[in-house]
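The points are grouped by topic and may be read alongside the sequence and the model.

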Amino acid sequence: MMPGGGQPDMQQLLQQAQKMQQELASVQQELAETPVEGSAGGGLVKATVTGSGELTGLVIDPRAVDPEDTETLSDLVVAAVRDANNAAQQLQQERLGPLAQGLGGMPGLPF
């Protein structure tokens, strides 16, 4: 009978999992430090989020401010933040996608 009964080497699988976990942590840290911008109203409102989705900045052009129409400004802010978050999600998929695919074949891992 073959050692291990033809089963994969558990030590090797654990080492691969640890390496992928380290790569995942590295990419997640990189995402947390990468600024991503979104805008609305032709650039009147700009939102900056990190690649992990944390809002870090908001710039409102004075031309977007109408004291009698704060609802439009609110809509522009929401749209700019949404645009920035969509860009951050796309960045996450680009950076984390290859790692997630590699981990998908390893049973018992929470990915």
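Is Arg63 buried or exposed? Arg63 counts as exposed, because its relative accessibility is 68%. The model is a predicted one. The protein chain contains two helices and three strands, arranged from the N terminus in the order α-β-β-β-α.

**Overall architecture**

- The protein chain has 111 residues, of which 23% count as buried.
- Among the contacts in the protein chain with a separation of 6 or more, 52% are between residues 24 or more positions apart.
- Helix α1 covers residues 10-33 and strand β1 covers residues 35-40, while helix α2 covers residues 70-103.

**Strand pairing and hairpins**

- Strand β2 comprises residues 45-50 and pairs with β1 in the antiparallel sense through six bridges.
- Within this pairing, Pro35 stands opposite Thr50 in β2.
- Four residues separate β1 and β2 in their hairpin, where Gly41 takes a positive phi near 65°.
- Gly43 also belongs to the loop between β1 and β2; Gly43 counts as partly exposed because its relative accessibility is 25%.
- The C-alpha atoms of Gly43 and Leu76 are separated by 9.6 Å, the two residues being 33 residues apart along the chain.
- Strand β3, residues 55-60, runs antiparallel to β2 and is joined to β2 by five bridges.
- Val49 stands opposite Leu55 in β3.
- The hairpin of β2 and β3 likewise has four residues between the strands, and Gly53 in its turn has a positive phi of about 100°.

- Thr34 is placed in the loop between α1 and β1.
- The side chain of Thr34 reaches the backbone oxygen of Glu30 at 2.6 Å.
- With residues up to four places away in sequence not counted, Thr34 touches Val49, Thr50, Gly51, Leu91 and Arg95.
- Thr50 lies in strand β2 and counts as buried, because its relative accessibility is 8%, under the 20% cut-off.
- Leaving aside neighbours within four places in sequence, Thr50 is in contact with Leu31, Ala32, Thr34, Val36, Thr56 and Ala88.

**Salt bridges**

- The count of salt bridges comes to three.
- Side chains of opposite charge can pair when their charged atoms come close.
- Arg95 forms a salt bridge with Glu30, with the closest N and O atoms 2.6 Å apart. Arg95 lies in helix α2 and Glu30 in helix α1, so this pair ties together parts that are 65 residues apart in sequence.
- Both partners count as partly exposed: Arg95 because its relative accessibility is 32%, and Glu30 because its relative accessibility is 35%.
- Lys19 forms a salt bridge with Glu23, the closest N and O atoms being 4.0 Å apart. Lys19 and Glu23 both lie in helix α1, four residues apart, which is about one turn of the helix.
- Lys19 counts as exposed because its relative accessibility is 51%, whereas Glu23 counts as partly exposed because its relative accessibility is 32%.
- Asp61 and Arg63 meet through their side chains in a salt bridge, at 3.0 Å from N to O.

**Nonpolar surface patch**

- Leu58, Ile60 and Val65 make a nonpolar surface patch of about 220 Å².
- Val65 is placed in the loop between β3 and α2.
- Val65 counts as partly exposed, because its relative accessibility is 46%.

Technical notes: Residues are numbered from 1 along each chain as its sequence is written. This is a predicted model: local features need pLDDT of at least 70, side-chain atom pairs count only at pLDDT 80 or more; totals for chains, interfaces and linings use all residues. Side-chain values use heavy atoms; hydrogens and water are left out. A polar contact is a pair of N or O atoms within 3.5 Å; within protein, one must be able to donate a hydrogen and the other to accept it, and residues adjacent in sequence count only if both atoms are side-chain atoms. Contact means heavy atoms within 4.5 Å. Two strands pair if DSSP finds at least two bridges between them. Buried means under 20% relative accessible area, exposed over 50%, partly exposed in between (1.4 Å probe, protein chains only). Patches are made of residues with over 30% relative accessible area and no salt bridge: like charges are joined within 9 Å, nonpolar side chains (Val, Leu, Ile, Met, Phe, Trp, Tyr) within 5 Å. Accessible areas come from the Shrake-Rupley method with a 1.4 Å probe; for residues, only the protein chains shown count as cover.
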